[in-house]
Amino acid sequence: VSTQSTERASVVRSFIQKLIELTERIHKTESEHLTKERNRKAHMLTIANKKVPKSEEELDALNPEEFFGEKALDRNAALKAKNLVVDRDREIAKIERNLQELNSLFKDFALLVEQQSEMIDSIEWNVKRAQAAVEIGKQELELAYKYKKGIRKKKAFIFSAIFAGIGMAVLGVLAKVGIIAAL
């Protein structure tokens, strides 16, 4: 019987020890929670520009919902504010994407302008070459016209001389034959 009572006493002491440890842990956790809650209330009072009480009892007695008075944020107002922020963030992201697209378009446009500039320079060079060739061709045509005009005069003179020579030869032959004398 004495062995059983010693075992019971040992088990009871063990339970009492565990109960004491558990109670101490609960007290410690409760104390930490209370400290965090007091710090949160003090922070909320600071945000609301209100005086923070010196004693812990006064701080514990305050209702955090009353800190802001008429400025208290209800859940709907907070959700609306959050939604506005999210919408603005989306819009800013959209604007950023649009600006990136615009930047890309400007880069593409600059590349096209550069390519077109090279083409335009090439066209301009070809036009200047063609203009020079046309000027040379014009000068050559004017010279050819002068030569043709000179040749035409020479041809007319030569044909006139040939016809005059033939005409004189025919007259000489006719005069020898006696056809011209009779006239």
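Q: How many helices and strands does the secondary structure of the protein chain contain?

A: Secondary structure is read as a list of elements along the chain. In this predicted model, the protein chain has 4 helices and 0 strands. Read from the N terminus, the order of the elements is α-α-α-α.

Q: What is the mean pLDDT of the protein chain, and which elements have the lowest and the highest values,?

A: With a predicted model, one begins with the predictor's confidence in each residue. The mean pLDDT of the protein chain is 78, and 86% of its residues reach 70 or more. Among the elements, helix α3 has the highest mean, 83, while helix α4, covering residues 179–182, has the lowest, 60.

Q: What share of the contacts comes from residues 24 or more positions apart?

A: Contacts may be sorted by the separation of their residues in sequence. Taking the contacts in the protein chain with a separation of 6 or more, residues 24 or more positions apart account for 15%.

Q: Which residues does R38 touch beyond its neighbours up to four places away in sequence?

A: Leaving those neighbours aside, R38 touches E56, L59 and D60. With E56 there is also a polar contact between the two side chains, at 3.0 Å.

Q: How many salt bridges does a search of the whole structure find?

A: A salt bridge is identified from a nitrogen of Lys or Arg and a carboxyl oxygen of Asp or Glu. The search of the whole structure finds 2. One of them joins R38 and E56, whose closest N and O atoms are 3.0 Å apart. R38 belongs to helix α1 and E56 to helix α2 (residues 56–61), so this pair ties together parts that are 18 residues apart in sequence. E56 is partly exposed, with a relative accessible area of 43%.

Q: Which residue forms a salt bridge with E124?

A: E124 is paired with K128, and their closest N and O atoms are 3.7 Å apart. The two residues are 4 positions apart in helix α3, so about one helical turn separates them. E124 counts as partly exposed because its relative accessibility is 40%.

Q: How far apart are E57 and R38 in sequence and in space?

A: Distance along the chain and distance in space are read separately. E57 and R38 are 19 residues apart in sequence and 9.8 Å apart in space, C-alpha to C-alpha. E57 is found in helix α2; at 59% relative accessibility, E57 counts as exposed.

Q: Which residues make the nonpolar surface patch of about 750 Å²?

A: The members here are F157, I158, F159, I162, F163, I166 and V170. Of these, I166 is found in helix α3, residues 75–177. I166 counts as partly exposed, at 45% relative accessibility.

Technical notes:
Residues numbered from 1 in each chain as written. Predicted model: local features only at pLDDT ≥ 70, side-chain atom pairs only at ≥ 80, totals over all residues. Heavy atoms only, no water. Contact = heavy atoms within 4.5 Å. Patch = residues over 30% accessible without salt bridge, like charges linked within 9 Å, V, L, I, M, F, W, Y side chains within 5 Å. Areas by Shrake-Rupley, 256 points an atom, 1.4 Å probe, with all protein chains shown as cover. Salt bridge = Lys/Arg side-chain N within 4 Å of Asp/Glu carboxyl O. Buried < 20%, exposed > 50% of the residue type's maximum accessible area, 1.4 Å probe, protein only. Polar contact = N/O pair within 3.5 Å; in protein donor to acceptor, adjacent residues only side chain to side chain. pLDDT = per-residue confidence, 0-100.
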